[in-house]
Amino acid sequence: MKKRIIILSIIISLLSLYIGFLSFHNNNSKNDTYNVNKGNGLKVREKVMKKREDNKDKDKDIKEEVLARLKSEEYYIPTNLDRYLNYLENNPITDYEEVVKRVNVGIDYEFYTHRKQADYSKNTLILVNKYNYVRKSFVPDLVDIESKYTKKSAKMAKDAYPYFKEMVEMARLDGITLFNVSAYRSFETQKAIYHGYEIVDGKENADRYSARAGYSEHQTGLALDINTSSSLDHFENSLEFAWLSRNAYKYGFILRYPLGKEYLTGFKFEPWHYRYVGVDAATYIYENHITFDEYYAYFLVQNEL
Ligand SMILES: [Zn+2]
């Protein structure tokens, strides 16, 4: 009897184990799995969606903050927005003033790329730099510089010459002697000068202080080198340079390649190189410590759009 009960209870336990296994198996059958996972899946999906929404909001907040900061910059140009955003994305920079400045000037593109013909219609405000060139055939309206104003025979743009003479005369009254050493250059002359430097110094170095033919301001007749054109002379330490720094703008001339602005202008500091842009532009550039490239982008291109 006892034996039978033991055998029966073993059978019952085995049976219940089997039933338990079956129900477990059923719960994990395809349909149920789908249902179970569907429940979890919804939750996961909700979470993912929520996170995505949060990120979107975050992105939106960041983008709005970036936009607000860019737009509050003094020299912000609306048509440059995509380029500002690109520049921010591709460069380790958080200074928005710098981003606006750099993109306006065009240095989000490498020097001597994105080149176009300079706008001759700007006359004395024409921009010639590493993105804007004058054609080989371009010859400005020139006059001879009288011998007392130049070291050797030279020509200069007719519109700028009276202002140069006036500047030299006014400097003379202060005991300062100014004279031209290099004014207008033809395409061929510029080509020869650049080529000479290229041979001696290599293209990369030459590019830092000499313009390729077509890209030199000297070809406009509006630029000239005063008293020297060599860094060895340290013109920046002279009384003449000090006088020009304080007064050149009054006659419409600007120091075109200032110290610390090489990354914007593409040229090393040239204390001797002055460019005629007219009194209004020169005064603004002088008072606001910007380069002509920046001035041109903001005041002469943007306003046309
Ligand atoms: Zn020069």
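Helices here are DSSP runs of H or I with at least four residues, strands are DSSP runs of E with at least two, and both are numbered from the N terminus.

**Before going further**

The model is predicted, so local features need pLDDT of at least 70 and side-chain atom pairs count only at pLDDT 80 or more, while totals for chains, interfaces and linings use all residues. Residues are numbered from 1 along each chain as its sequence is written.

Colour the chain by pLDDT (the predictor's confidence in each residue, from 0 to 100). The mean over the chain is 89, and 86% of the residues reach 70 or more. Now select residues 21-36, where pLDDT stays under 50. For this stretch the model has three contacts beyond four places in sequence; a contact means two C-beta atoms, placed from the backbone, within 7 Å. Where pLDDT is low, the predicted coordinates should not be read in detail.

Switch to a cartoon view and you have eleven helices and eight strands to look at. Of the contacts in the chain with a separation of 6 or more, 63% are between residues 24 or more positions apart.

**Stop one: helix 4**

Is helix 4 largely enclosed or open? Seven of its ten residues are buried, so helix 4 is largely enclosed by the rest of the structure. A residue is buried if 20 or more other C-beta atoms lie within 10 Å of its own, exposed if 12 or fewer, and partly exposed in between, with C-beta atoms placed from the backbone. The buried ones in helix 4 are Val-99, Val-100, Lys-101, Arg-102, Val-103, Asn-104 and Val-105. Across the whole chain of 305 residues, buried residues make up 30%.

**Stop two: helix 11**

Keep helix 4 and helix 11 on screen together. They pack at an angle of about 85°, with their axes 8 Å apart. Axes are lines fitted to C-alpha atoms, for helices over the stretch in contact, and angles run from 0 to 180 degrees between N-to-C directions. The two helices are therefore roughly perpendicular to each other, a label for angles of 65 to 115 degrees. Where they meet, you will find Lys-101, Asn-104 and Val-105 from helix 4, and Asp-293, Glu-294, Ala-297 and Tyr-298 from helix 11.

Next, pick Val-301, also in helix 11. This residue is partly exposed, with 15 other C-beta atoms within 10 Å. Try the distance tool from Val-301 to Asn-104: their C-alpha atoms are separated by 9.9 Å, although they are 197 residues apart along the chain.

**Stop three: the nonpolar cores**

A nonpolar core is a set of buried Ala, Val, Leu, Ile, Met, Phe, Trp, Tyr and Cys residues joined through C-beta atoms within 7 Å. The largest one has 38 residues, and those with the most contacts inside it are Met-156, Ala-248, Phe-253, Ile-254 and Tyr-274. Helix 5 gives the most to this core, with five residues.

Zoom in on Met-156. Leaving out residues up to four places away in sequence, its contacts include Leu-142, Phe-164, Tyr-184 and Leu-224. There is also a second, separate core of nine residues, including Ile-126, Val-134, Tyr-194 and Ala-211.

**Stop four: two loops**

Select Asn-123 in the loop between strand 1 (116-117) and strand 2 (132-133). Asn-123 is not a glycine, yet its phi is positive, about 55°. With 14 C-beta neighbours inside 10 Å, Asn-123 counts as partly exposed.

Then jump to His-289, in the loop between helix 10 and helix 11. Phi of His-289 is near 50°, again a positive value in a residue other than glycine. Is His-289 buried or exposed? With 9 C-beta neighbours inside 10 Å, His-289 counts as exposed.

Definitions and conventions: Parallel < 35°, antiparallel > 145°, perpendicular 65-115°, else oblique.
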